[in-house]
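Thanks for coming. I will go through strands, then charges, and take comments at the end.

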Amino acid sequence: MTDQKNTHTDLCELLTALLDNTISESQFAEVENRLATDPDARKYYIEFLTVYIGLHRRGGASAAIVKSPPSSSTPKVEELLREAIEHEERLTTEQSCRQAQLQKDEDEKTAQLRLEEIKRLADEKFQEFLQKEQARLDKFKHQRYIADRNWRHFSISVMAASLIIVISALYFSRSPNVPAVPQAVATLTETLNTKWDDSTLPTTIGSELFAGEMRLIKGYAQITFIDGAEIVLQAPTRFKLETDEQMFLQSGRLTAKIPPGAEGFKLDTPNAMMIDLGTEFGVIVSGDGQSELHVFQGEVKLFSEKRIGGNIYKQTFRTGEAGVIDQNGQLSEKTYKASPRCFVHSIPDKTTYGRPGERMDLADVVGGGNGFGTGDPNQSINPDNGQVRPGFYHRNRKAVLGSSDFVPIADLDFIDGVFIPDGGDESVVVSSWGHTFNNCPDTNSKFCWDIFNGNVTLDGRCKQILDGKEYGTYSQPAISIHSNSGITFDLDKIRGSMPGSRIVAFSTLCGLATSERDGMADFWVLVDGQKRFSIPEARQQDRARSVRINLADHDRFLTIAITDGSKTIYEANSKHEATGSDWGLFAEPALILAPAGGK
């Protein structure tokens with residue numbers, strides 16, 4: 001206390017000298033320093049000037065403190081007092097602001113930590129709910145689901161609503177700046193024969209879908225986005241839902257239907273972006289990274305996602321047009337014709353033999369389809385010239401002479417070509433790569449009807465029946481091949497259209513169909529020109545033979561063919577050409593599929 005009193009006495013002397021105008025430069029510097037660094041000195045300075053002014057205004061008393069005339073010193077003192085007060089207020093304000101900012105920073109840091117903890121807890125709660133709900137719902141079979149759908153929808157809605165209420169209460173009771181509960185972007189509206197893998201989202205019909213990844217390895221699925229866009233997916237397909245108007249197709253194929261009001265839906269692939277302008281379109285992302293856009297109705301803008309030479313390529317495609325962006329991001333300069341048959345436009349309402357991710361129907365491929373029920377059930381291919389046409393052509397049941405050249409077919413994606421097998425003195429070419437059938441028998445090079453996908457009856461005479469069972473339908477397909485005819489399938493192109501699946505085998509049931517006259521024919525199955533299976537001189541009365549041939553990833557071409565079993569056969573003392581009644585069937589011809597990387 002004594003030190004403080006002495007200090008104030010010393011300061012009083014300095015201030016008196018200041019007001020008397022007798023202060024030296026060193027004393028003035030000392031006053032400035034003390035007022036700048038010592039809060040108590042500033043407080044005393046203000047009190048001193050206040051007392052001084054008060055005494056001066058009462059008259060006479062000021063003489064006890066200062067020697068200078070009151071009239072000349074009062075304005076100066078008042079000015080000093082105002083400056084001192086303003087300075088003190090300024091310092092006080094600055095100090096308050098600093099303290100307020102420090103407190104604000106501390107509050108924000110505390111709030112951020114609290115928010116992160118709330119978000120973590122909410123995420124854990126939400127994932128726990130999804131896992132429990134998925135485990136419960138997956139126990140029900142589809143038939144039970146149909147019967148109890150209304151009740152389960154209600155239960156799910158109540159549970160979901162309760163969860164949202166709990167999470168919302170937790171969020172908003174602990175922080176005013178908590179993000180909202182994740183919103184659904186779409187609904188899983190329909191499925192058929194599905195199997196899912198690596199999915200972070202529920203896979204039961206009617207489930208709300210949030211942003212996340214899904215992988216369909218078997219069957220079909222339809223997803224309806226909140227904005228109304230309908231997506232039909234065909235296995236194998238890997239994709240990601242991003243927003244209520246955007247998704248990413250990693251691999252596989254889909255069909256999109258965009259209703260009025262949902263224009264602007266965006267679909268991304270690894271090397272392309274598509275923006276819908278109100279359409280129906282299909283997209284394929286193949287195993288080599290190529291992206292295809294097929295517009296069935298309306299318009300779609302296609303953009304390359306990769307810069308090439310500083311440019312991003314873009315083009316608008318309209319009804320009936322198709323565009324391709326290769327794995328390097330290069331947009332093809334050529335505009336192709338759209339192929340609606342390569343896509344499933346809705347979940348099939350009929351039982352088809354081909355099942356995505358499980359087996360591919362080669363009879364449907366002959367019909368121009370994708371192997372899963374999209375082909376024409378009444379389409380023919382001329383084995384002599386490769387002409388593809390609707391309907392069944394039998395040339396008035398008379399065999400005609402064909403050439404022995406291999407004929408490539410450009411109009412059907414998965415068919416390499418056709419040929420007339422006749423060994424003679426030379427090998428028969430059976431693929432566009434030049435693979436040869438070295439042990440092809442010598443035939444008369446005649447055939448009677450086209451290679452056909454469908455059901456045929458000629459005047460009640462030639463029904464497609466093997467072992468009492470009729471074939472040539474959606475659920476029991478068949479490829480009808482008359483001797484002498486052959487067809488080769490391009491396994492690599494098929495693999496490229498199904499990047500999530502492997503081809504592991506070929507299976508079929510083969511034999512001569514029912515006919516009033518007996519026939520005789522040889523059945524052949526080749527892989528890259530090498531014989532894998534044959535039935536020499538098969539007769540109508542013989543039982544059909546079941547075939548299963550394992551296929552390796554490096555096998556490129558699969559060929560099936562029929563040749564006449566002998567130059568001539570005799571019935572009832574009359575002579576007929578060897579090809580007369582060789583109505584051959586490859587029933588339920590299928591490529592057996594397995595998930596890529598599996599066995």
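Pro 408 stands opposite Gly 417 in strand E19. That contact belongs to the antiparallel pairing of E18 with E19, residues 415-419, which runs over two bridges. Two bridges is also the threshold here: two strands pair if DSSP finds at least two bridges between them. Strands themselves are DSSP runs of type E with at least two residues, helices are runs of type H or I with at least four residues, and both are numbered from the N terminus.

Before going on, the provenance. This is a predicted model, so to speak of local features we need pLDDT of at least 70, and side-chain atom pairs count only at pLDDT 80 or more, while totals for chains, interfaces and linings use all residues. Residues are numbered from 1 along each chain as its sequence is written, and side-chain values use heavy atoms, with hydrogens and water left out.

Back to the sheet. E18 and E19 are part of an open sheet of six strands, in the order E18-E19-E27-E32-E29-E30, with antiparallel pairing. Its edge strands are E18, residues 407-408, and E30, residues 530-539, each of which pairs on one side only.

E30 carries Glu 537. Glu 537 is partly exposed, at 45% relative accessibility. The cut-offs for that wording are under 20% relative accessible area for buried, over 50% for exposed, and partly exposed in between, with a 1.4 Å probe and protein chains only. Glu 537 and Ala 521 lie 16 residues apart in sequence, with 5.0 Å between their C-alpha atoms.

Next, strand E5, residues 246-257. Is E5 buried or exposed? Of its 12 residues, 10 are buried, so E5 is largely enclosed by the rest of the structure.

Eight bridges join E1 to E3, residues 212-225, with Leu 188 opposite Ile 223. Two bridges join E1 to E2, residues 208-209, where Glu 208 is the bridge partner of Thr 187.

Now the charges. A salt bridge here is a side-chain nitrogen of Lys or Arg within 4 Å of a carboxyl oxygen of Asp or Glu. How many salt bridges does this rule give? The count comes to 13. I will take three of them.

Arg 34 is buried at 12% relative accessibility, whereas Glu 30 is partly exposed at 35%.

Another pair is Asp 492 with Arg 495, whose closest N and O atoms are 2.8 Å apart. Both lie in helix H7, residues 491-497, three residues apart, about one turn of the helix. Asp 492 is partly exposed, with a relative accessible area of 36%, and Arg 495 is buried, at 15%. This pair also belongs to a network of salt bridges that links Asp 490, Asp 492, Arg 495 and Arg 556.

The remaining pair is Arg 532 with Asp 555, at 3.6 Å from N to O. It links distant parts of the chain: Arg 532 is in strand E30, while Asp 555 is in the loop between E31 (545-550) and E32 (557-564), 23 residues apart. Arg 532 is partly exposed at 38%, and Asp 555 is buried at 4%.

Last, the surface. Asp 105, Glu 106, Asp 107 and Glu 108 gather in a patch of negative charge. Patches are made of residues with over 30% relative accessible area and no salt bridge, with like charges joined within 9 Å and nonpolar side chains (Val, Leu, Ile, Met, Phe, Trp, Tyr) within 5 Å. Asp 105 is in helix H4, residues 70-137, and is partly exposed, with a relative accessible area of 37%.

That is the end; comments, please.

Conventions. Accessible areas come from the Shrake-Rupley method with a 1.4 Å probe; for residues, only the protein chains shown count as cover. Lys and Arg count as positive and Asp and Glu as negative; His and the chain ends are not counted. The place of a charge is taken as NZ of Lys, CZ of Arg, CG of Asp or CD of Glu.
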